[in-house]
2 protein chains.
Amino acid sequence: MRVVRDVYERYGFEPLETPAFENIETLLGKYGDEGNKLIFKILKRGEHEASGEADLALRYDLTVPLARVVAQYQNELPKFFKRYQMQPVWRADRPARGRFREFYQCDIDAIGSTSPTVEAEQLGAVCEILVRLGFEGFSVRLNHRLILTGLLNAAGLAASQHGDALVALDKLDKIGIDGVTREFEARGIDSAVAARCLMSFEMPGDERPTDTLRRLEHTLGEGDSAVGNLTAIVTLAEQTAAHGRIRIDLSLARGLSYYTGAIVEIAVSDLPGSLGGGGRYDNLIGMFLGRDIPACGFSLGLERIIVVMTERNMFPAKISGGAVDVMVTFLAEDLKTDALKLAAEIRGEKLRVDVYPDASQKLEKPLKYATSRNVPVMVILGENERARGEVSVRDLQTRQQDSIPRATAATTIANRVRLIEP
Amino acid sequence: MRVVRDVYERYGFEPLETPAFENIETLLGKYGDEGNKLIFKILKRGEHEASGEADLALRYDLTVPLARVVAQYQNELPKFFKRYQMQPVWRADRPARGRFREFYQCDIDAIGSTSPTVEAEQLGAVCEILVRLGFEGFSVRLNHRLILTGLLNAAGLAASQHGDALVALDKLDKIGIDGVTREFEARGIDSAVAARCLMSFEMPGDERPTDTLRRLEHTLGEGDSAVGNLTAIVTLAEQTAAHGRIRIDLSLARGLSYYTGAIVEIAVSDLPGSLGGGGRYDNLIGMFLGRDIPACGFSLGLERIIVVMTERNMFPAKISGGAVDVMVTFLAEDLKTDALKLAAEIRGEKLRVDVYPDASQKLEKPLKYATSRNVPVMVILGENERARGEVSVRDLQTRQQDSIPRATAATTIANRVRLIEP
């Protein structure tokens, strides 16, 4: 999360948080029929609880809440507005590997511009994050909702069935060509039309995305605006960390119903599904505001990234934060006051100090505890040491132990820890 | 949040997060009748949605979820376990100044020890945080559930009415003596008993808490274990940042029903309510596990701290994070590729860079945007500059502008920003 936050800030995004729940009407109807069913709904309270009705719902993604915020506070926000948001979202999905009912999304969004620099910068930020986390063989699948519309039209599909077709197409990864064909059939799409649709989605992407885009221009007509838009994005993204990673993939649909322009997903070799995705949604804010404001965003799925990094041993051996440098332990009850005093002194040296809470004449328990927490140094306050004006210090890796003067113990210990953990 | 996290880690607490919702039975019955009503409940999903029943609920504090986690994973956790947790909780309360339906709690808890070093260390951590945030005139109100029980018994109140009396007493701050008297009456407590209860709670605390504790020992009897426990806590806490701040306050009750030992709240002068509170709850984990494990915790209320700090101008003029160092703008469409290239170069210098997305021949809009974001430096890519192999750099505070070579622009700009913002 530190890497994600750092890169997002370096790309000029500002942090934003929104409440966990929204009014239920804000969320319903934004994610398609399947999405509606997966929204967690909150029961009315007090005298209305018995009605069994819901008035609030847990956020399902970070995009719709952002659109609501932008519509609500548009007079206070700059015309062009970039934010990042790293918060959990909730979906009543069946849990599976790397898929939880509560999971973190790490989103960036830019509001107020239709410029392709927005998409290019977002792809750059996301690719930079993945590279810094150690991902190598990943690619950016890029498509455009209007190209999908053009292909569906060319295949002879009625506009009223486009939504159904895209929901089915979105599952291609999971259920394969046969599965999608069956979904088309179940939704009453003519089999010849379905076959033509699938054929055009299956057009393979070239090594160079601009080659694919040129071929597409032949199909969809010279000067097609969607092809022009993707060409601009691809060209600009070459200046960013997305360099060389973009593939035009006509089978990419994105399930959510609010996208209007370029859509994108990150694919990692040997991993079904994606590490994140996004796209342009120029009409969503208009659903709240009554007039459209252009917008574009990308969302990284934190848990999926963690699952892949764990399985592939990509985490560094030692991650800082949450550990303890020194444990203070005392061998008799009347030494605990001095134990807290010494702990305070060592904390004054900016070290992280834990105090074992119970006096114990045997060191077995505190040692076991210190070892379980990977503490490098243990300080022991005993009666004998006190009589000599000293404390004992034990290096828990070498198991060497010696006595040092109590008066200067904090600085001595701090210097030793800094030698062990520079 | 950075200060809170840093201090908690220096005191040896490890980070933990828990899910936003728990099974509804986990939460019900842990917070008293008034708490039960304030829990947000989540409707069952799918075919059970129409039943109007709830099976999940949003967490109401961080303590009960922790107790559930400790009970569930006790075989995997060390016998002594310290964690901190900074996450939102939800209460269906009426919103007011500094009181929201969703708010962050910043909790520390220590599981597995009855030692008074636990309380003393927690008080030390919390006081150190408040001092580092700039709070001065705050004090630690300390009491003990068993002392309250002793005083209620001495006043002649039946044990079955102790719970009601504590809930009423907990509101003393908000509703005053008369209000509490009326609550006692409404709960059917005899008026003479009520008056005796209120009199003992009103016993004023001395400057030195040990003096109050000695007087209490006279009332409750020599060797009273609760008085002894508070004496130990007070003595140990003198070695920490809580030094000189503790007052014994017999009117402190804490509303939550799970406390069993020492209870504590932070009071700030001229502020009703508290910045945080906590206490010992040795039986709560037992409700899940079937056998008791001692535990003690403290919770800081983030929003209340922010409200007070804002009202009292305690925030530093400049808080790092979320800002932008450099804004890149371009005056013609065909310069946008180089704008992204230059942005990437400056980001390589570890600066935070924003790109204004639209080409604009007039600088008015980008300047307005950069000013609204407090950006110190703007880089301008224009046709004339390009012809000379240069870019323009504008200091947005002095409004001075000059041209520098494009080839070395990133390092030149980085050096200038570091002069402005060392």
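This is a predicted model: local features need pLDDT of at least 70, side-chain atom pairs count only at pLDDT 80 or more; totals for chains, interfaces and linings use all residues.
Local features need pLDDT of at least 70 and side-chain atom pairs count only at pLDDT 80 or more, while totals for chains, interfaces and linings use all residues. Residues are numbered from 1 along each chain as its sequence is written, and chains are lettered from A and ligands numbered from 1 in the order in which they are written.

**View 1. The contact between chain A and chain B.** Chain B contributes 48 residues and chain A 48 residues, where a contact means C-beta atoms, placed from the backbone, within 7 Å. On the side of chain B that touches chain A, helix α14 (residues 336-348) of chain B supplies the largest share, six residues. Helices (H or I, at least four residues) and strands (E, at least two) are DSSP runs, numbered from the N terminus. This side of chain B comprises 22 nonpolar, twelve polar and 14 charged residues. Ala, Val, Leu, Ile, Met, Phe, Trp, Tyr, Cys and Pro count as nonpolar, Asp, Glu, Lys and Arg as charged, and the others, Gly among them, as polar.

**View 2. The rotation axis relating the two chains.** Chain B superposes on chain A by a rotation of 180° with 0.0 Å of shift along the axis, at RMSD 0.1 Å. This is the relation of a two-fold axis. Superposition is by least squares on the C-alpha atoms of residues with pLDDT of at least 70 in both copies. The same surface serves both copies, as 100% of the contact residues of chain B recur in chain A. Among the residues of chain B, G52(B) comes closest to the axis, at 1.8 Å (C-alpha).

**View 3. Helices α10 and α11 of chain A.** The axes of α10(A) (residues 209-220) and α11(A) (residues 225-237) come within 10 Å and cross at roughly 170°. Axes are lines fitted to C-alpha atoms, for helices over the stretch in contact, with angles from 0 to 180 degrees between N-to-C directions. The two helices, α10(A) and α11(A), are therefore roughly antiparallel (angles over 145 degrees). Contact residues include L213(A) and L216(A) of α10(A), and V227(A) and L230(A) of α11(A). By class, this contact of α10(A) with α11(A) has seven nonpolar, two polar and one charged residues.

**View 4. The open sheet of chain B.** Eight strands follow the order β1-β5-β6-β11-β10-β9-β7-β8 in chain B, with mixed pairing; strands pair if DSSP finds at least two bridges between them. Strands β9 (residues 262-268) and β10 (residues 276-280) of chain B pair in the antiparallel sense over four bridges. Helix α6 (residues 145-154) of chain B lies across β7 (138-144) and β9 of chain B, at about 60° to β7(B).

Technical notes:
Two residues are in contact if their C-beta atoms, placed from the backbone, lie within 7 Å. Angles under 35 degrees count as roughly parallel, over 145 as roughly antiparallel, 65 to 115 as roughly perpendicular and the rest as oblique.
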